[in-house]
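I opened this model to look up a few contacts, and I kept short notes as I went.

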Amino acid sequence: MEGPLSKWTNMVHGWQYRWFKIENDTLLYYTSREKMLKGQQRGQIRLTGAVVGIDGENNSLFTITVEGKTFHMQGRDLRERNQWVRILENSIRASSGYAKNGSVGTTPAQHFKQKTEEANEFLKTLVDKVKELEQLKNGERIADEKKTIDSLIGASNNLTNNVKHAIIYLQMAQARLDPNMKTEKLMFTHPDLDEKPSSRAGTVSDSTQTSSHQSNTQSEKPLSGIQHLDHLKPQRAESYASSDEEEFYDADEELIDLDKFESEKIGQEAGDSEQRGDAAIMSSDEDGYDFGDSHEDFDEIYNNAEEHDIGNVQQEHGSVLMHLLSQVSVGMDLTKVTLPTFILERRSLLEMYADFFAHPDLFIATNGIDSPEKRMISVVRYYLNAFYAARKSGVAKKPYNAILGETFRCRYTVPNDSLSGKKTESGPWPGSDEKQLTFIAEQVSHHPPISAFYAEMPSEGISFNAHIYTKSSFLGLSIGVASIGEGVLTLHNYGDEQYTITFPSGYGRSIMSTPWFEFGGKVKVVCEKTGYYADIEFLTKPFFGGKPHRIQGTICKEGVKKPILTVRGEWNGTMYAKPQNGEEYVFVDVKSKPEVKKECVPVMQQGKRESRRLWRHVTAALLRNRIQTATTSKRFIEQRQRKEAKERQESGETWTPLLFDTTDKDGEWMYKQKLGVRKTL
């Protein structure tokens, strides 16, 4: 493929027109097509070991990163960018030796079967070539020629025996992955492959037979004894661009089951205990498995919210990373990719949503404000303050994927405020004080993954109902998670005045090195009743310098040209607001107040589908850095979910959520006992 692209050049710090051409494992570029035809090359980028990335917020930009150097390209539009990305990915896979095998849903058993068949075909060809050599020798030849042919036949027989043993090992591995495969099927399919070496004794010299016998004895050793072919490894290029002044250096910059891939790699040393664990997982018998945490205080473990960086993924988990790159494409939906356990943070996605209410005083601050304009400003202030508590660590780890029917509930007490003593009879947490903020969440759908959650404070007549469908995609150097859905904040004391809110996307950046997290995208806060609305943009870190975590936005009134307020700053720090006529002031300082600690039912008193009890073994193991145990527990949960889904399918049963119902509005989920609907407090 060849064609024009814009390339960011470090020399002039700007975009320059270049003509690009892919040739074998190299991306060549020229100042024009005419210069290409004349062979006047401007520079080149090696594709071996490179990674292509896209921005997620810009439809024309993409990058090529190799050995820590990032080259920035820009197409004319989304279509042109995607065309280049696809071609580059294929070239990189071919040159790097991890060409994509099969479809996304290829299982290990299918992969082994494919490799065994390929080896068998190679063996057939090898045997046929040996036959040709034997026929060649039987003709009229001089002594020296026959001696040379004898040597070739002997070497070929040695190679044949090595390939035979390799196929046996492949078939044994296939049988382990596929319990239904009978051991009698461990045989070769070529009619000549069962011949013993002695059957060809008359066709080789005595010296060759001796050599062959010695080789046969050696070939019976385990395959680990075979020397690695180091000379076949791709050699590192000294320079990845022949035009160094143009290099832009950005130093800041069914399932693909990576979980199983990682656990198998670790479990190679676990022996029989690992096999027993797999058997237990398949039976979903979690209660009969010893996770080694019977002495743990699960409530205290959940109170420890400190997270640590993953570290350098390429150095510590390089094999998993390469497996990921070999199986996915840029822009691919990661719904069917089970990511490895080491990237998990110790809470469910449902509990993460609860952390949006860790400042209950700001949540209820809108109540009691007479001015519609000031109410909108108050809602925006609460909204922008909520993200830091939910993503406080900044570590690019992901919460547990909530399973179908999983629930989480908690409550918050407003600081420096006394309780009324009046208890609720229904709602998210019956028996709570009416002046406490109560929260409930449920995973209402698995495909697509949709979470619904609801929060309220009855004494203040305020509630919040939301549903979010998380859609993740692979961006090359990043993973993007779009939060599709909306939330509705209702002020019941103002004639059910409603504020509809959307959510930003999340990005795990620099997944090839030390990952970090940021928000990105445009969101809205709209009150149709009053005509006020807010447009807010979470700005991703620019390719070319600049700070991460910035936001900018405006609060406006329908029919008024100029915004009544502009907002800027950092969502994880300080944000400032400036009225149309006035001085700028501190709008939100997310670190000025500590988060209120959430109250939960003790873990072992929770229902089996409540988040903290459901994931307790995973959480405890992650805290103690027992990754294999965490993976085993996680697979128990996932296997049980698959088993239940299969049973529902076989019986024709449809899953019905317990706490939320769909509405007439497409995709919306509403809490069944929300304020204003239920009859009791």
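**Entry: Arg-568 and Glu-584**

I started with the side chains of Arg-568 and Glu-584, which meet in a salt bridge, 3.0 Å from N to O. The model is predicted. I then placed both partners. Arg-568 sits in strand β22 (residues 565-570), while Glu-584 is in the loop between β23 (574-579) and β24 (585-589), so the pair ties together parts 16 residues apart in sequence. Buried or exposed, or in between? I looked up Arg-568 and found 42% relative accessibility, so it counts as partly exposed. Glu-584 has a relative accessible area of 37%, so it is also partly exposed.

**Entry: other salt bridges**

How many salt bridges does a search of the whole structure find? I noted 25. Salt bridges with shared partners join Glu-345, Arg-347, Glu-351, Asp-355, Arg-391, Lys-598 and Arg-612 into one network.

Next I took Lys-129, which forms a salt bridge with Glu-132; the closest N and O atoms are 3.9 Å apart. Both residues lie in helix α3 (residues 108-138), three residues apart, about one turn of the helix. Lys-129 has 46% relative accessibility, so I put it down as partly exposed. Glu-132 is at 45% relative accessibility and therefore counts as partly exposed.

Then I checked Arg-678 and Glu-456. Their side chains meet in a salt bridge, 2.6 Å from N to O. The pair links distant parts of the chain, 222 residues apart. Arg-678 is in the segment after β26 (669-671), and Glu-456 is in strand β14 (residues 450-457). Both Arg-678 and Glu-456 are buried.

**Entry: Ser-348**

Where does Ser-348 lie? I found Ser-348 in strand β10 (residues 344-348). Its relative accessibility is 2%; the cut-off for buried is under 20%, so Ser-348 counts as buried. What does its side chain meet in a polar contact? The partner is the side chain of Glu-406, at 2.7 Å. I also listed what Ser-348 touches, leaving out residues up to four places away in sequence: Pro-399, Tyr-400, Ala-402, Glu-406, Ser-611 and Trp-615.

**Entry: nonpolar cores**

I turned to the nonpolar cores. The largest has 66 residues, and Phe-357, Leu-384 and Phe-439 have the most contacts inside it. Helix α13 (residues 372-390) supplies the largest share of this core, 12 residues. I noted a second, separate core of 33 residues, which includes Leu-47, Leu-334, Val-337 and Phe-342. As background, nonpolar side chains tend to be buried together in soluble globular proteins.

Which residues is Leu-384 in contact with, leaving aside its neighbours within four places in sequence? I wrote down Ile-536, Phe-538, Ile-551, Val-567, Trp-571, Met-575, Phe-587 and Val-590.

**Entry: Tyr-17**

Last, I looked up Tyr-17, in strand β2 (residues 14-23). Not counting residues up to four places away in sequence, Tyr-17 touches Pro-4, Leu-5, Thr-31 and Ser-32. I checked the spacing to Pro-4 too. The C-alpha atoms of Tyr-17 and Pro-4 are separated by 7.1 Å, with the two residues 13 apart along the chain.

Terms used
Residues numbered from 1 in each chain as written. Predicted model: local features only at pLDDT ≥ 70, side-chain atom pairs only at ≥ 80, totals over all residues. Heavy atoms only, no water. Core = buried A, V, L, I, M, F, W, Y, C linked by side-chain atoms within 4.5 Å. Buried < 20%, exposed > 50% of the residue type's maximum accessible area, 1.4 Å probe, protein only. Helix = DSSP H or I, 4+ residues; strand = E, 2+ residues; numbered from the N terminus. Contact = heavy atoms within 4.5 Å. Polar contact = N/O pair within 3.5 Å; in protein donor to acceptor, adjacent residues only side chain to side chain. Salt bridge = Lys/Arg side-chain N within 4 Å of Asp/Glu carboxyl O.
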